[in-house]
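Student: I should like to learn how to read a protein model. May we go through one together?

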Amino acid sequence: MSLFKRLVTALRSGSVSADEWNQIRANLITSDLGVKLVDEVIEKAKSAKPDDAKAAITQIASSWLSSKSRNISKKSDRVNTVLVVGINGTGKTTSVAKLANNLKDDGETVLLAAADTFRAAATDQLQTWATRIGIQVVTGEINSDPASVAFSAISKATESNINYLLVDTAGRLHTKKNLMDELGKVIRVIEKHSPVDEILLIIDATTGQNGINQALTFIEAVNITGLIVTKLDGSAKGGIALAIEKLTSVPIKFIGTGEALSDLAPFDPAPYIASLFE
Amino acid sequence: MFEALGQRLGSIFSGLRGKVSDSDLIEFTAQIKTALLESDVALEVAEGFSNKVLENCKSKSDEINKSTNPASRIFEIVNTELTQVLGGSARRLQFAKTPPTVILLTGLQGAGKTSLAGKLAYYLKSQGNTPLLVASDLQRPNAVTQLQVVGDSIKVPVFAPEPGNGIGDPIDVAKAGVKFAKDKLHNFVIVDTAGRTGVDQALMQQVIDIRDSIKPDETFFVVDAMIGQDAVRTAKAFLDGVGFDAVILTKLDGDARGGAALSIVELTGKPIIFAATGEKVTDFDLFYPDRMASRILGMGDVASLSEQAKRAMPEETSKKLEDKFLKGEDFTFEDFLSQLEAMKNMGSMSKLMGLLPGAAGMKKQIENFDESELVRTRAIIESMTPTERNNPKVLNGSRRARIARGSGRAISEINSLVERFSQAQKVMKQMRGGANIPGMGALAGMSNLPKPQQINLPKKKSRSGNPAKRAIEEGI
């Protein structure tokens, strides 16, 4: 770069007003991106002295995205086992049902495992979904060992050449070590039979900064391969999911946008990032 | 849940020493603001709160600097301000003039309404009421079944004429439920409704219609303590829509900083009335703003702890123990065992420890506390003869070997228990005359935690050299 050009760049201040920067900062904080990350992205964008603040920030935010595949495992020679995990009330059971419905629509054979043997009527909830979708579900008694449900399910899936086994697990607060250990057992039991291909962590879009702790603890306990961000049909923007993806490189794979079976979509970064500014 | 915020504020306080200048105050309040934002407090509330603290400190700057302990004075100001934002005083349930008192539960999907309905019913029942649960969530698959299972487990009747799963009219069910309660003379009705977002007009209208048809005495907004910035928008949408009288916080047993609770209270003007702290039906209590403020500031929740202890330990047992202390009798393994029993009734050790002052710093150890150690300790004590339990001094080598065989534990474990027990005896002696927290003796059963003496038990003579720490100690 010539000296002159460098001078011009240095003297230019960009045409974004201080008010506009403040407004963007407020909006991003309100999206649950986290104040540290927001200040980081704004500092970085400011130093580029842009004329379009949003474009500058979008570019930086896009660079945070994981380079890992956002597609779900698709092995043709054996059953693909997908576990869905997360804390209580994030929408695990509903997401399992939606994912099963999507896969069935794509012509795959799907079996469900109701390994949430803890929450009252969680098994019934999954069974109701299974009936609506027209697929089978392996269940266990209430308060029985979830690992045993998982074991019967994987046995059944391999015997009947099912393409996808989706395992719904009980909600567990990431701070309960014994419950996190239980999850490890479920996985070990399945893996004696066949590999676990995906462990999807459900992040509720309304979650605040605690989402980071949730993700880090689950990732430490098991091999999380992707995120599903649920409840994006409400007023919450789910900025925490981007913060998690940046920090952990675990890609967001799907988003949940409503209560119907069809309300699960592959994650599309552009509209999601744009929504964080609103 | 607020521990993390407490830790943050704690580290800010420990940086304050000696005279405090205006620029110190500005720096300090800016840090408070960032800490609040990281704790999910809404932007406007975080700004408002830190400004209030700044103004307050400035107007009292003479007083602060003249005081022998400026940091402790500032700590007080923050504490007062925080308690005020959190609700000022605890709100109590309002009863209907003529029963039944009708309670309507509303909130987002997954906030924990159905579990909470069970906990609230159990709470009311244990106070001698006759609650009825009404299953008006006909949306979520098997929400009705879930409520029935919960009702069965706590022996509270559930009014569920419709199967749910999209079948039936929630307004009709609610109306019929209240009528049923009147006919059968239930004095409380708890109506569980479907989760809904603040932006879904049709569903908001539905809950408004439920409200209009049953005219609840109390409408509660149930909210997950982990919610982020959206808490404010959602709470306002519910307030403008169905309206609510108070807030119930759920999932407080997680590690969320819970700042959103602060924002909801500040921006809606509605107090938090109850808090749910775990998956068991007993994990439920009234919400105490002053205690929570102390907890935010890392001062622990001693009041909650001793209340829980009171509930768990029968009056008789605790009286007997107290008498023993006063008479100067020795604390025996028998007492230890009855305390272990009480600890079991109080809930998990890790939760209890979280309520202790200064425990915020031991979070990791607390989480990994091995509950089964209590079981092992019990096994050892139960393998002792009554003589041994009442007079541990007789425990010679051969007796210890027999106990080891009887309990299936190694002799080294017996030795270390006896060693820790004699420490506990000493603590009990020190506590004599001071505040007595029943159940504390069992702390000695934990080898990986600081000894009881090191936890801020109210002791007269020890004053910390660190002003911030001292402020915490003296603030109790």
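This is a predicted model: local features need pLDDT of at least 70, side-chain atom pairs count only at pLDDT 80 or more; totals for chains, interfaces and linings use all residues.

Tutor: Residues are numbered from 1 along each chain as its sequence is written, while chains are lettered from A and ligands numbered from 1 in the order in which they are written.

Student: How many helices and strands does chain B have?

Tutor: Helices (H or I, at least four residues) and strands (E, at least two) are DSSP runs, numbered from the N terminus. Chain B has 22 helices and 8 strands. Of its 476 residues, 50% are buried; a residue is buried if 20 or more other C-beta atoms, placed from the backbone, lie within 10 Å of its own, exposed if 12 or fewer, and partly exposed in between.

Student: What is the order of the strands in the open sheet of chain B?

Tutor: Strands of a sheet pair through backbone hydrogen bonds, either parallel or antiparallel. Two strands count as paired if DSSP finds at least two bridges between them. In chain B the open sheet of 8 strands runs β3-β2-β4-β1-β5-β6-β7-β8, with mixed pairing. The edges are β3 (158–159) and β8 (284–286) of chain B; each has a single partner strand, so one side of each is left without a neighbour in the sheet. Within the sheet, β5 (residues 218–224) and β6 (residues 246–250) of chain B pair in the parallel sense over 5 bridges. B:Asp224 has B:Thr250 in β6(B) as its bridge partner.

Student: Which residues of α3(A) are buried?

Tutor: They are A:Val35, A:Leu37, A:Val38, A:Val41 and A:Ala45. These residues lie on the same side of α3(A) because they cover an arc of only 160 degrees around the axis, the arc being that of the directions from the helix axis to the C-beta atoms. The face turned away from the buried side of α3(A) carries the exposed residues A:Glu43 and A:Ser47. The buried residues of α3(A) pack against α2 (18–30), α4 (53–63) and α10 (239–248) of chain A, together with α2 of chain B.

Student: What span should helix α3 of chain A have?

Tutor: The expected span is 1.5 Å times one less than the number of residues. The 13 residues of α3 (residues 35–47) of chain A should span 18 Å, and the end C-alpha atoms are 18 Å apart, which agrees. After α3(A) comes A:Lys49, whose phi is positive, near 50 degrees.

Student: Into which domains is chain A divided?

Tutor: Domain bounds come from an automatic or database domain assignment. Chain A has domain 1 (3–63) and domain 2 (80–267), with centres, taken over C-alpha atoms, separated by 37 Å. In contact are 6 residues of domain 1 of chain A and 8 residues of domain 2 of chain A; contact requires that C-beta atoms, placed from the backbone, lie within 7 Å.

Student: How many residues does each chain give to the contact between chains A and B?

Tutor: Chain B gives 37 residues and chain A gives 31 residues. On the side of chain B that touches chain A, α2 (22–38), α7 (143–154) and α10 (230–240) of chain B each supply at least two residues. The most come from α7(B), with 4 residues.

Key:
Two residues are in contact if their C-beta atoms, placed from the backbone, lie within 7 Å.
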